[in-house]
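Biologist: I have a model open and want to learn how to read it. Can we take a few features in turn?

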Amino acid sequence: MTDLTSSRSPVRAIPGDENRRPQPGIALCLSGGGYRAMVFHLGALWRLNELGFLPKLARISSVSGGSLTAGMLGLKWSRLQFDPSTGVSPRYVNEVVAPVRALASTTIDEGDALKGLFLPGTVAERIADSYRRYLFGTATLQDFPDIPSFVINATSVQTGSLWRFAKPYMADWQVGLVKSPTIELAVAVGASSAFPPVLSPVRLTLDPNDFEKDSGSGLQSPPYTTNVVLTDGGVYDNLGLETAWKNYDTILVSDAGAHMAPDPTPHTDWARLALRVNDMIDNQVSDLRQRQLIDSYVSGDRKGTYWAARSNIGNYPATETLACPFEATQKLAAVPTRLAALDDLTQQRLINWAYAICDAAMRSHVVTTVAAPSAFPYPAAGVGA
C-alpha cells in the first residue's frame, strides 16, 4: 500500500510527527465543503455521540467547512458533560448543533466579500468578524481542551504545506513551531475555510522570536516567520487526513466534499477555465487520498471507517439502516459549496443523512454489535425523495 505521507519530505519538527508508526488511538477527520460540510458533520457527530465515541477520540482534525463544526465542538467541549458510564453527552444538541445551525441560516460569504472589496479591511477579516459574531466570540486556541487534540488545518500559500492550528502549537513543518498560540478561533477557522479565490488569503503578522529555535526545515526566517499567508485547508488536504493518519491507528473520516460534475461545454475564458481546472486538481487529490485510505482498511494497516455525503448507504453491510434513497441523498451531496444560508428543511435533511450514513459505516466496520437507531434526529424531515 502507498503511504499517504510517502511523497512528503523527511520527519517534521512538529510534536508527534517523529513517530513514524501510528500509535493506538482514534482520530476523527472532518472534511471541507462550506455550509454543506458544516451541517453534514453535525449529523455524524450526533450519531458518534449516541455511540459514546466522542470522549474516546484522541484527535479531531478538520479543514474548511469541517473546521467550523470542529471549532464549536472544541469550544464547547467542557460543557458537554459526558456521562461517565455511557460516554454520551446530553447537551450536544444545545451546545453544538444549535449555534452551528444558527450560522447555517445566515449568508456571510457574499456580503462579507462585497464589504471586503469596497470598505476598509479585507474579505478574510470580514469573515473572521462573522465567525466571532455567530460562533466563537473572542475565544482563542487556548480555549480548546487538552484531550482530544483539535487540529484546525489551513494551507500555507508561501510553502505549499499544511499550517496547523492547535492548542499546544501552530506550525508549518518548513517554517517552524510556535508553542501555546493565542490566535483567535475565528481567525484560525477563517484561515482553514478561506475558499480561494474570493475568501483568500488570510494574513498573520507574527513575531519571529515566538518560533521555537531550529524547529523549521530551511524556511525559519522572514518573511515566512513574520508575514504568514494562508488559504483554505482543503487546498492541501480536503479530508483533513494527514495529521490524523501519521499518528493514530484508527481513523474515522466524515467526507462532505462535493464531486465535480461533468460539463460538456466548459467555459474557455481564463478565469472560469482556471476555476474548472482547480476543481479537477482538487478532485484528483481528494480521490487519491480516499482510495489510499480505503486500501489501508482493506490491508489492515489502519482500522476505522469512512463515510461520505456521496456514499450509497446500500453498499454498507450493516442491517436495518435508515431509509435513505440514493437519488435523494445525492441531491443533498450537491448542495453548493458556499457560506450561504440553508433553509431549515435542507439543514435537517443534511443532518439526518450524515447521521444515517455514519451509523451504517460505524455498525458495518467498528461497532458491529450495536443496535440500529430507530429514527432520524429529525424524523419528519427524512432525507427527501
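Biologist: What joins the side chains of Ser-161 and Trp-173?

Modeller: A polar contact is a pair of N or O atoms within 3.5 Å; within protein, one must be able to donate a hydrogen and the other to accept it, and residues adjacent in sequence count only if both atoms are side-chain atoms. Here the side chains of Ser-161 and Trp-173 make one of 3.2 Å. This is a predicted model: local features need pLDDT of at least 70, side-chain atom pairs count only at pLDDT 80 or more, and totals for chains, interfaces and linings use all residues. Residues are numbered from 1 along each chain as its sequence is written, and side-chain values use heavy atoms, with hydrogens and water left out.

Biologist: Where is the place of Ser-161?

Modeller: Helices (H or I, at least four residues) and strands (E, at least two) are DSSP runs, numbered from the N terminus. Ser-161 sits in the loop between strand E3 (149-156) and strand E4 (162-165).

Biologist: Is Ser-161 buried or exposed?

Modeller: Buried means under 20% relative accessible area, exposed over 50%, partly exposed in between (1.4 Å probe, protein chains only). Ser-161 has a relative accessible area of 4%, so it is buried.

Biologist: Which residues is Ser-161 in contact with, leaving aside neighbours within four places in sequence?

Modeller: Contact means heavy atoms within 4.5 Å. For Ser-161 the partners are Ala-154, Thr-155, Ser-156, Asp-172, Trp-173, Gln-174 and Tyr-236. Tyr-236 is 75 residues away along the chain, yet the two C-alpha atoms are separated by 7.1 Å.

Biologist: Now Ser-254. Where is it found?

Modeller: Ser-254 lies in strand E9 (residues 248-255). Its relative accessible area is 0%, so Ser-254 is buried. Its side chain makes a polar contact of 2.9 Å with the side chain of Trp-307. Ser-254 also touches residues including Cys-29, Phe-40 and His-41.

Biologist: How do I read a helix? Which residues of H5 are buried?

Modeller: An α-helix has 3.6 residues a turn, so residues three or four places apart point the same way. In H5 (residues 123-136), the buried ones are Val-123, Ala-124, Ile-127, Ala-128, Ser-130, Tyr-131, Leu-135 and Phe-136. Seen down the axis of H5, they fall within an arc of 160°, so they line one face of the helix. That arc is taken from the directions from the helix axis to the C-beta atoms.

Biologist: What follows H5?

Modeller: Gly-137 does, and its phi is positive, near 55°.

Technical notes. Expected span 1.5 Å × (residues − 1).
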